[in-house]
Amino acid sequence: MLFDAHCHIIDPRFPLVPNQGYLPPAFDVGAYLAQATPLGVTGGAVVSGSFQAFDQAYLIDALKRLGKGFVGVTQVEATVTDQALADLHTHGIRALRFNLRRGGSEPLGQLERMAQRVHALFGWHVELYVDSRDLAGLTPRLLRLPAVSIDHLGLSGEGLPALQRLVEQGVRVKACGFGRVDFAVGPALQQLDAANPHALMFGSDLPSTRAPRPFQAADITLIKDALGEARAQAVLWRNAQAFYRCGHP
């Protein structure tokens, strides 16, 4: 079984916001399941993209269609009410995203206040789309957050030492977007898993919008080859299941 901790649903029935002039092609729930189900995916996290901004309707609809085992990672305005957050929690949202690389979310200045708020209310964590070259300067504030994960292995080899230091302190990392990074993935997976065996969480990154090389089933094999079957199973299932508190109210 696989838990896909990072996927996107792009349903043309819901509005999109151009991001840097980019609008993605459609990739609805049916298209996602056609690719994910044969891989063994039985749960996952649908992540709001920059082009979805603060829209919640698409995400709630997608989670209803995907069913049990799937949760949502959303973007909300800083002015969101506690009741609105409670409603999102009821619909299966379990995390808040800050897209520092492409925008579409609240800016970095809102990170600590909002992270503390959603964790205190509902136990949500925050997820950052950020280049790891920027992590050294962000480390003190990230370590003050209750729970946080970093997308796409941090993207840059130059920032891997800073990412590893955060992982050693409990920060989680999405093992996804292998076609986006500028370093050898296998050794990086070994390094990060050795630093914290709970840190890595597999994601397909489907449909891999704007990625130089989209997701391939061979990416799963790469994880198994790098870590061995036992460690890979934690990355492919257990770590994310625990982090997203799937099955818990």
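Modeller: This is a predicted model. Start with helix H5 (residues 135-142) and helix H6 (residues 160-168): their axes come within 9 Å and cross at roughly 15°. Angles under 35 degrees count as roughly parallel, so H5 is roughly parallel to H6. The crossing of H5 past H6 is right-handed.

Now the contact itself. H5 brings Leu135, Ala136, Thr139 and Leu142. H6 meets them with Ala162, Leu163 and Leu166. By class, the contact of H5 with H6 has six nonpolar residues and one polar residue.

Next, the aromatic residues. A search of the whole structure finds eight aromatic pairs. One of them joins Phe122 and Trp124. Their ring centres are 5.9 Å apart, and the planes make an angle of 35°. That pair is classed as tilted. Phe122 and Trp124 are both buried. Elsewhere, Phe3, Trp237, Phe243 and Tyr244 form one aromatic cluster.

Last, a residue in another helix. Thr90 belongs to helix H3, which covers residues 82-90. Its relative accessible area is 67%. Exposed means over 50%, so Thr90 is exposed. Compare its position with that of Lys174. In sequence, Thr90 and Lys174 are 84 residues apart. In space, the C-alpha to C-alpha distance between Thr90 and Lys174 is 25 Å.

Technical notes
Residues numbered from 1 in each chain as written. Predicted model: local features only at pLDDT ≥ 70, side-chain atom pairs only at ≥ 80, totals over all residues. Heavy atoms only, no water. Helix = DSSP H or I, 4+ residues; strand = E, 2+ residues; numbered from the N terminus. Buried < 20%, exposed > 50% of the residue type's maximum accessible area, 1.4 Å probe, protein only. Phe/Tyr/Trp six-rings, centres within 6.5 Å; stacked < 30°, edge-to-face > 60°. Axes fitted to C-alpha atoms, helices over the stretch in contact; angles between N-to-C directions. Parallel < 35°, antiparallel > 145°, perpendicular 65-115°, else oblique. Left-handed = near helix turned anticlockwise from the far one by under 90°. Contact = heavy atoms within 4.5 Å. Nonpolar A, V, L, I, M, F, W, Y, C, P; charged D, E, K, R; others polar.
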